[in-house]
Amino acid sequence: MDFSITAEMELLGKVAKKLAENFPPEYWRKHDKEHKFAQEFWDALSESGFTGVVIPEEYGGSGMGLTELVHIIYNLCKHGAGLAGVWYLMLSEIFVSLPIARYGTPEQKEKYLPKLAVGEFEGCMALTEPEAGTNTMRIRTLAVKEGDEYVINGNKIFISGIDRADVMVLVTRTTPLEEAKKRTYGFTLFLVDLPNSSVSFTPIEKHGINYSNTCEVLIKDLRLGEENILGPKDYGWYVLLDILNPERIGFAMGAIGTAELAINKAVEYSKGRRVFQDPIGSYQALQHPLAEAYASLNGAKLLTYKAAWLYDTLHKPPEDVKDGEGIRKKSYEYKEVGDYANMAKAVAVENAIRAIYWAMQVYGGYGYTLDMDVERWWREINLLRLAPITQQMALNYIASNILGMPKSYR
Ligand SMILES: Cc1cc2nc3c(=O)[nH]c(=O)nc-3n(C[C@H](O)[C@H](O)[C@H](O)COP(=O)(O)OP(=O)(O)OC[C@H]3O[C@@H](n4cnc5c(N)ncnc54)[C@H](O)[C@@H]3O)c2cc1C
């Protein structure tokens, strides 16, 4: 067992730290307040090559894995960017570049990856629907074959970054749930070029990460060809898992980095603030909860690195399988990756919430003001209770899929 970080990762961490320090918390405060996209930061990410970490070198990326990407995410968050700073890396790199690199056809890779690698293209992913959030099986966005084309209709909600995205991974059903031989059968993912006159969206006012828009989406008679399908038709569930698991791993690391940022700032403040004779940082009532959260976050960090490493290590390309309708491409699901992704997400977010709650307490009334960044990190971390998977569903996964307890829902 080797816990050391490679020289390459160490260097990536240093570059990420330096980059993040150039955009201090005030930068994020301003953009959040003004609802303004952080263009300079996105440009800096692209210039550093961070928008192409998981993209193969032949397509202009660095050809590294999720492990390196989460190491960068951790360092960006921890050194000033918080969760907001890595939001578009999640939307573009994890939602779109990663699945194209793994499942795309040579034509799809050629078309999208070089532009995604340099940040010229941004991406988004549309899965959630008004009647299908936690219960993904119930999505109703339907792609119906008409001649050589698929005609797609449906409603999506909470789609982040669609207002800026050049390409969207759209999750549909090509076989409705009622007709599917298995609940997970019938999912097909499409790559959609944006903007598109058949795809309209309306931003939803929200609690945090306000420099970015999250939207309700209407898809009306969108026509796409076979060449737009990402991965195997009807077996897209496994491709989707290969997006949702790294999403959980990426956000787990984002939570840890942001919580460490909040802890570090609170510790600094606590050393200077005197209410009675000694600085408030000398009181154990404030020390213990921060110390406990910090130790637990370090445990979560190990879980998260392991989850990323499993994701990078266990992947195999889709293989041909035979079913009733002939030979098809089927991709794999790696249970171990799912196990670690869900455990990492649950533990990282629970402890990050605790850490930021106590960091805010350290600031007393000042922590409640918009001048102290801790209130913004509190708003950011609250999102991770609900997305990419709710804490309850991550725990449900652990209870039924790892511990083997009876499933509590149908
Ligand atoms: C700001 C923001 C950005 C987002 N970005 C995207 C995006 O880019 N793309 C995208 O596709 N989606 C996105 N989402 C959607 C997000 O993934 C969903 O909101 C999330 O999956 C939860 O679904 P829901 O909101 O419909 O909650 P519901 O499914 O309605 O759940 C409500 C509550 O019930 C609980 N619950 C439900 N079933 C169970 C059960 N069996 N056991 C215990 N508790 C249960 C849940 O844990 C939750 O607390 C985003 C959401 C937000 C808020």
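Student: Helices (H or I, at least four residues) and strands (E, at least two) are DSSP runs, numbered from the N terminus. With that in mind, where does phenylalanine 158 lie?

Tutor: Phenylalanine 158 lies in strand S3. Bear in mind that this is a predicted model, where local features need pLDDT of at least 70, side-chain atom pairs count only at pLDDT 80 or more, and totals for chains, interfaces and linings use all residues. Residue numbers start from 1 along each chain as its sequence is written.

Student: Got it. What is phi of phenylalanine 158 near?

Tutor: It's near 65°, a positive value in a residue other than glycine. Most residues other than glycine have a negative phi, and most peptide bonds are trans.

Student: What about aspartate 234, what's its phi near?

Tutor: Phi of aspartate 234 is near 70°, again positive in a residue other than glycine. Aspartate 234 sits in the loop between strand S8 (229-230) and H6. It is buried, because 20 other C-beta atoms lie within 10 Å.

Student: Switching to the ligand: how many residues surround it?

Tutor: 21, and the closest are Leu127, Gly133, Thr134, Phe158 and Thr390. Near here means a C-beta atom, placed from the backbone, within 6 Å of the molecule or strand in question. Strand S1 (123-126), strand S3 (149-160), helix H9 (374-386) and helix H10 (391-402) are the elements giving two or more residues to that shell.

Student: How does the shell split by class?

Tutor: Twelve nonpolar, eight polar and one charged. Nonpolar covers Ala, Val, Leu, Ile, Met, Phe, Trp, Tyr, Cys and Pro; charged covers Asp, Glu, Lys and Arg; the others, Gly among them, are polar.

Student: What domains are there?

Tutor: Domain 1 (7-117), domain 2 (123-230) and domain 3 (236-402), with bounds from an automatic or database domain assignment. The ligand shell draws at least three residues from each of domain 2 and domain 3.

Student: And how many residues of domain 1 are in contact with domain 3?

Tutor: 26 residues of domain 1 contact 29 of domain 3, where contact means C-beta atoms, placed from the backbone, within 7 Å. H4 gives the most to the domain 1 side, with 21 residues.

Student: At what angle do the axes of H4 and H7 cross?

Tutor: Roughly 150°, with the axes of H4 (residues 66-103) and H7 (residues 284-314) coming within 8 Å. H4 and H7 are therefore roughly antiparallel. Axes are lines fitted to C-alpha atoms, for helices over the stretch in contact, and angles run from 0 to 180 degrees between N-to-C directions. Under 35 degrees counts as roughly parallel, over 145 as roughly antiparallel, 65 to 115 as roughly perpendicular and the rest as oblique.

Conventions: Two residues are in contact if their C-beta atoms, placed from the backbone, lie within 7 Å. A residue is buried if 20 or more other C-beta atoms lie within 10 Å of its own, exposed if 12 or fewer, and partly exposed in between; C-beta atoms are placed from the backbone.
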